[in-house]
Amino acid sequence: MKSFFLKLVVLRLAVSVMIGAALYCVAGREIGPPISASFDRYGQTLASMLTRPAAEAFAAGNIASIQAALDDAARRPGVAWAFVSRGKGEIVAQTVLPADAVREAGTRQYAMFSEPVPGGDGGAVHVALKRARLEETIRKAQLQTLGWVTVLLLAANLFLLLLTRRVAVPLWALTRAAKDLAVLTTDPNAKPPVLPVRSHDEIGVLTATFNQMAEDLCSHQRNLARIVEERTAELSQTNRVLAAEIAVRSRAESSLSKYNRALRVITRCQEAVVLASSETEMMQFICDVLVQDGNYRMVWIGNPDVGDSRRVRPVAQAGDSEDYLRNIEVRWDNSALGHGPAGHALRTGEIALAPDIEREEALAPWREHALRQGFRSMVSLPLWTEGAVIGVLCLYAAEAAAFAPEEVTLLEQLAGSLAHGILALRARASHRQLVTELREAKEAAEKASRAKSDFLANMSHEIRTPMNSILGMTRLLLDTPMPPTDREYLELVRGSAESLLAVINDILDFSKIEAGRLELTPVDFAFSRQMEDTAAAIAPSAHRKGLELICELDPEVPEWLHGDPLRLHQILTNLLSNAIKFTEAGEVHLSAGISRQDEESVTLHLRVRDTGIGVPADKHELIFEKFSQADGSTTRKYGGTGLGLTICSRLVQMHGGRIWVESSEGEGSTFHVLLPYGRTKEMAGSTREAGLALPFGPVLVVDDNATSLAALGRALEALRLFADLAPSAGEAVALMADAARAGRPYGVVIADADLPGIEQVSGPAGAPTPQVLLVSPGKPESGAEHLASQPQPALVRKPVRQRDLREALAIAAGNALQPRQPRMDCRIESPATGSLRILVAEDNRVNQTLTRALLARMGHSAVVVSNGREVLEALEKSCFDLVLMDVQMPEMDGIETTNAVRAREAETGSHIPIIALTAHALREDELRCLAAGMDDYVSKPIDPGRLAAAIHAQAGRTLDP
């Protein structure tokens, strides 16, 4: 059913039928019950009407009257039969009863109504009505109702038909117009249909909208047709371009595939360039990879012969190359391609490409052979490095035009990497050879260094042995009475021997530094004591030249530091000795201050200033080089090895410090040293000792040296003492007189004993002022003879040390029981432990005599033997308190002897002190002696004080209960 109007009609009829059925059902339910109720009332009324005559008949005993009432009732409409019963069901009157009347009463065919007879003896009236009448009545009522419903539905359908037609006609028109419009859209030139607008309701609006939509649709159709035409033209053009691009991309993908394959191959080859251990291995690996992974038919690498043959010699090859290379000869001396691209690449350094060997007529000498091998294209690439061609890389393919430009570019990069790899391997081989030669040279140098060290050690031993005799005997003679001339000669001998010993020590120290055997041994030490003792030890040589040696310490410098005091002593000794040697007149000033500091460390700034000859500006760096001096000529005035400053520089570098000089020729020099030290726990946060409390007024200082005078003033200021400074005796006398008149005389006068006019410096009559005299080492102590009427002065040896100055001031103030007199010469004192019996092992006759004499001066008795076997025999035969053991002896040296002694003691449980007394002066020699079981070590030339201290220390351990 395609018509919308027919659909509406069918829908309307279906709705009407359903409505009619619904109305009929509703009417049936509403009509049936009232008719049934009326039917029941009718039957019940008939039965009630018969009960009265029946009651009267029963009362009168006239049964016939009951029959008449029953017959009358049976004639009523719808009555089927009636009867009256009494008692136990006895029928006393009845109408015509069917045989099964009683049984059918109350069934679907009959409806029976019963009423009891009042006043009777159980009698009842029974009336049966026909149900067919009831049903007929109901059916008539229903048919009547259905007729009315049908009439109403027909009227309603007629009305709806008219209404639907008014709506459907425009819709039919819209439908036809839509169909026409659908046909028209296929024709871009068709005009749209226009429908009349008959109303202003929804249908009218829909029609107007349809007209506008049709117009727009046709307009859009025309635009769309134009756009489609344009797009079709563009698409055709795009398809043509795309087809061309697809063709190009297909070729590019093919090239890219080859490029990627070549890239992977080249990557592996470049790895071989890096990892290969030999040139041949690298070349062969590259050939194998190019053939296996690069799909090349053949690859070979050749090197050019530079002789007369001018041939290309294959070094590595892979693929179908064996027969080919055996049957051809490649040369590189031709002017054209000649024997092939390989020769051309070697000769010109350019890439030679043969895209189609079959068409390369110029390559006739080898073209036919190449074609028989299955080669259709090839490329030869020169191996460039450092501006020269060192080889050629040749690749062959089974198809023509197999080498794309991108692939050739990659192969060119590979050739470059290969050339660099060859150069690197050659350099590596050369480097390995150089390393081998350097290792051999290093071993030879180490062997030479060991030989040099052994030579220096032996030389030191051989020199120190006679030096021990010379210095020892000279010291012994100087302690005996002799004429002044003889003493002068002996002093010259001792000075020369000490100078020679200094040269030997410098050479040994430098040799240890050069061999890397000199090490720092940091300990906690008193810096001021170390610095002042070093200056005091070097002072005699300065005062023998008439120089003023001044030692000044900044009060802010910590008292205790952590470092190597021995190397500090060595640095200061070399700098002071150097300053004294090159200074003829004036002074040498040693000072120490702080450069920088923190909680953990402090960097000291040491200065050694002199008034000597100075150093030219162009020699400031040279003087720190080994065996160098500012004046290096053979006629130079000042001697020495030139190692002192070199040793200082190396030691300062070992400390992590810095050394430099400020000087001008003829104007003196100032050597600066920066040395870092650690702080010690004992002095963290503290610097100098507390001030000195003296029971007197200010102090007067008299000295004609301005530097020494200023340094003494600062030293007293550090002790919190007020001091007046006088540069001459006359000015000192004037200051003393002024002080006396002012009623505040000086409590102490500190004066240089060598000051001109020192005898003028004295206190007021009857009240002499305490004196502190500054004396020079090595000079007679007669500078105070003019003070015979004065209290005995306290003497302080120059350079002035802080502790000596404090002690002297205390003595001058009466705070000490006895005045302290400095010993101007070294004397050997007897030990507090008494005389010892000492066994001396020494093979040198002179040293035997010297050692026996030194021990006798100390109050000990000595037994001398010449070797280790005699030591063991002597220890078996007699008892000794101590052994002085030489190391280098015949038959059995000191190390073997000590081992034998300690082995015997391990069995007996005893122990005898053994002190090494040897000319082996290196640190490792000392350690070797101590490791062998010796208790102490004293090097030659023997320092009597050092030997006495060692003997006392070991004797004290032996005698300690």
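Exposed means over 50% relative accessible area. Keep that cut-off in mind on this tour of a predicted model.

**Stop 1: Ala 401**

Select Ala 401. It sits in the loop between β9 (388–397) and α10 (405–478). Check the backbone: phi is positive, about 50°, although Ala 401 is not a glycine. Now show the surface. Is Ala 401 buried or exposed? Its relative accessible area is 56%, so Ala 401 falls on the exposed side of the 50% cut-off.

**Stop 2: Glu 891**

Move on to the loop between β24 (882–885) and α20 (894–908), and pick out Glu 891. Here is another residue that is not a glycine but has a positive phi, about 65°. Glu 891 has a relative accessibility of 60% and therefore counts as exposed.

**Stop 3: α13 and α14**

Select residues 565–581 for helix α13 and residues 644–655 for helix α14. How do the two pack? Their axes are 9 Å apart, at an angle of about 145°. The crossing of α13 past α14 is left-handed.

Next, show side chains at the contact. On α13, select Arg 567, Gln 570, Ile 571, Asn 574, Leu 575 and Asn 578. On α14, select Gly 644, Leu 645, Ile 647, Cys 648, Leu 651, Val 652 and His 655.

Colour this set by residue class. What is the make-up of the contact of α13 with α14? Seven residues are nonpolar, five are polar and one is charged. To find the charged one, go to Arg 567 on α13.

How values were computed: Residues numbered from 1 in each chain as written. Predicted model: local features only at pLDDT ≥ 70, side-chain atom pairs only at ≥ 80, totals over all residues. Heavy atoms only, no water. Axes fitted to C-alpha atoms, helices over the stretch in contact; angles between N-to-C directions. Helix = DSSP H or I, 4+ residues; strand = E, 2+ residues; numbered from the N terminus. Left-handed = near helix turned anticlockwise from the far one by under 90°. Contact = heavy atoms within 4.5 Å. Buried < 20%, exposed > 50% of the residue type's maximum accessible area, 1.4 Å probe, protein only.
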